[in-house]
Amino acid sequence: MSARRTTLAGRIGLPVAVAALLGFTLFPVYWMVSTALDPKAITRGSDVLPSGLSFEHFSFVFEKGNFGTYLLNSAIVGFGTILAAGVLSLFAAIAVARFKFRFRTSVLIMVLIVQMVPLEALVIPLFIQMRDYEMLNSLLGLTIVYVALSLPFAIWTLRGFVQTVPKEVEEAAYIDGASWWRMFRSVLLPLVAPGLVATSIFAFITAWNEFVFAYTFMKGSDKYTAAVGIYQFFGENSTAWGPVMASSTLVTLPVMIFFVIVHRKLGSGLAAGAVKG
């Protein structure tokens with residue numbers, strides 16, 4: 001009887017727990033989207049249901065808020081960060097995982113130390129550096145900053161993927177007459193591709209959602225990213241919650257779409273990269 005009660009409690013408790021977790025996780029998303037579609041968002045208060053459905057806030061952020069330009073700037077910076085960080089981190093990971101050189105351990109320790117530094121502590125030194133290079137108010141300069149921020153995590157993660165590839169596989173390619181570049185392109189790259197996907201997604205999310213550096217380095221509103229573009233709807237004495245939620249929905253959608261597309265490779269990739277560290 002006791003075992004039957006335990007089984008019944010487990011059957012009931014698990015769905016309830018899952019439903020509660022989903023509700024707790026998805027409610028902020030529901031509130032954001034429903035407020036974006038609510039024509040009376042500013043007076044909604046604590047009402048769970050919106051007063052109606054309208055796309056006027058989305059039209060406003062594009063027509064009056066210039067949000068299309070901000071999304072384009074974010075896309076340029078985000079994909080630029082993915083490409084540059086992916087290439088640099090992959091070759092750096094191969095170097096520290098496969099080659100013996102002086103201070104290799106020191107390099108890995110420095111990578112970890114840089115990853116632990118709070119981003120706020122880097123704003124002023126990076127601002128001065130970008131100013132000296134005349135790269136303020138430049139999407140290229142902002143992309144370089146995001147690449148630098150993404151590299152420590154990407155190098156450390158990809159190092160684990162490279163170490164999981166047996167050296168015998170590479171040696172067999174050399175015996176068959178392949179050059180290093182042919183071995184890299186046909187053997188090593190396909191095997192570490194899941195890790196490259198995982199690190200690329202993290203680099204994209206970092207560049208897409210980052211606010212402090214974009215707000216500090218960009219002087220002209222035409223160079224703002226989407227994260228900074230949301231800030232314009234916050235006033236000194238009031239906040240336009242409809243446009244804020246509409247623009248937030250537009251910023252969230254690309255990240256959600258990317259995650260849905262690559263979530264399987266992301267999970268398997270992180271697990272594979274953790275086999276050796």
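Reply: Let us begin with burial. At a relative accessibility of 19%, Tyr-224 counts as buried, because buried means under 20%. Please keep in mind that this is a predicted model.

Me: In which part of the chain does Tyr-224 lie?

Reply: Tyr-224 is placed in the loop between α9 and α10. Its C-alpha atom is 8.1 Å from that of Ser-74, and the two residues are 150 apart along the chain.

Me: Is Gly-220 buried or exposed?

Reply: The same cut-off is applied: under 20% counts as buried. Gly-220 has a relative accessible area of 16% and is therefore buried. Gly-220 is found in the loop between α9 (212-217) and α10 (226-231).

Me: How should I read a separation in sequence beside a distance in space?

Reply: One reads the two values side by side. Gly-220 and Asn-137 are 83 residues apart in sequence, and their C-alpha atoms are 6.7 Å apart in space. For Ala-41 and Arg-185, 144 residues apart along the chain, the C-alpha separation is 53 Å.

Me: Where is Ala-41 placed, and is Ala-41 buried or exposed?

Reply: Ala-41 belongs to the loop between α1 (2-37) and α2 (56-63). With a relative accessible area of 7%, Ala-41 is buried.

Me: What is the phi of Glu-134, and where is Glu-134 placed?

Reply: Phi of Glu-134 is near 55°, a positive value in a residue other than glycine. Glu-134 is located in the loop between α5 (123-132) and α6 (139-164). Its relative accessible area is 73%, so Glu-134 is exposed, given that exposed means over 50%.

Me: How many salt bridges does a search of the whole structure find?

Reply: The search of the whole structure finds two salt bridges. One of them joins Glu-170 and Arg-98, whose closest N and O atoms are 2.8 Å apart. This pair links distant parts of the chain: Glu-170 is in helix α7 and Arg-98 is in helix α3, 72 residues apart.

Me: Are Glu-170 and Arg-98 buried or exposed?

Reply: Glu-170 is buried, with a relative accessible area of 9%. Arg-98 is likewise buried, with a value of 14%.

Me: Which side chains meet in a salt bridge at 3.7 Å, N to O?

Reply: They are the side chains of Arg-131 and Asp-132. Arg-131 counts as partly exposed at 46% relative accessibility, whereas Asp-132 counts as exposed at 54%.

Me: At roughly what angle do the axes of α7 and α8 cross?

Reply: One considers how far apart the axes are, the angle between them and the handedness. The axes of helix α7 (residues 167-175) and α8 come within 10 Å and cross at roughly 130°. The crossing of α7 and α8 is right-handed.

Me: How are the axes of α3 and α8 arranged?

Reply: These axes come within 8 Å and cross at roughly 140°. That makes α3 oblique to α8. The crossing of α3 and α8 is right-handed.

Me: Which residues make the nonpolar surface patch?

Reply: The patch is made by Val-87, Phe-91, Phe-99, Phe-101, Phe-103, Val-107, Tyr-174, Trp-180 and Trp-181, and has an area of about 870 Å². Helices α3 (67-98) and α8 (180-209) each supply at least two of its residues.

Me: In which helix is Val-107 found, and how accessible is Val-107?

Reply: Val-107 is found in helix α4 (residues 104-116). With a relative accessible area of 35%, Val-107 is partly exposed. Residues of a patch must have over 30% relative accessible area, so Val-107 passes that cut-off.

Conventions. Residues are numbered from 1 along each chain as its sequence is written. This is a predicted model: local features need pLDDT of at least 70, side-chain atom pairs count only at pLDDT 80 or more; totals for chains, interfaces and linings use all residues. Side-chain values use heavy atoms; hydrogens and water are left out. Patches are made of residues with over 30% relative accessible area and no salt bridge: like charges are joined within 9 Å, nonpolar side chains (Val, Leu, Ile, Met, Phe, Trp, Tyr) within 5 Å. Accessible areas come from the Shrake-Rupley method with a 1.4 Å probe; for residues, only the protein chains shown count as cover. A salt bridge is a side-chain nitrogen of Lys or Arg within 4 Å of a carboxyl oxygen of Asp or Glu. Helices (H or I, at least four residues) and strands (E, at least two) are DSSP runs, numbered from the N terminus. Buried means under 20% relative accessible area, exposed over 50%, partly exposed in between (1.4 Å probe, protein chains only). Axes are lines fitted to C-alpha atoms, for helices over the stretch in contact, and angles run from 0 to 180 degrees between N-to-C directions. A crossing is left-handed if the near helix is turned anticlockwise from the far one by less than a right angle, and right-handed if clockwise. Angles under 35 degrees count as roughly parallel, over 145 as roughly antiparallel, 65 to 115 as roughly perpendicular and the rest as oblique.
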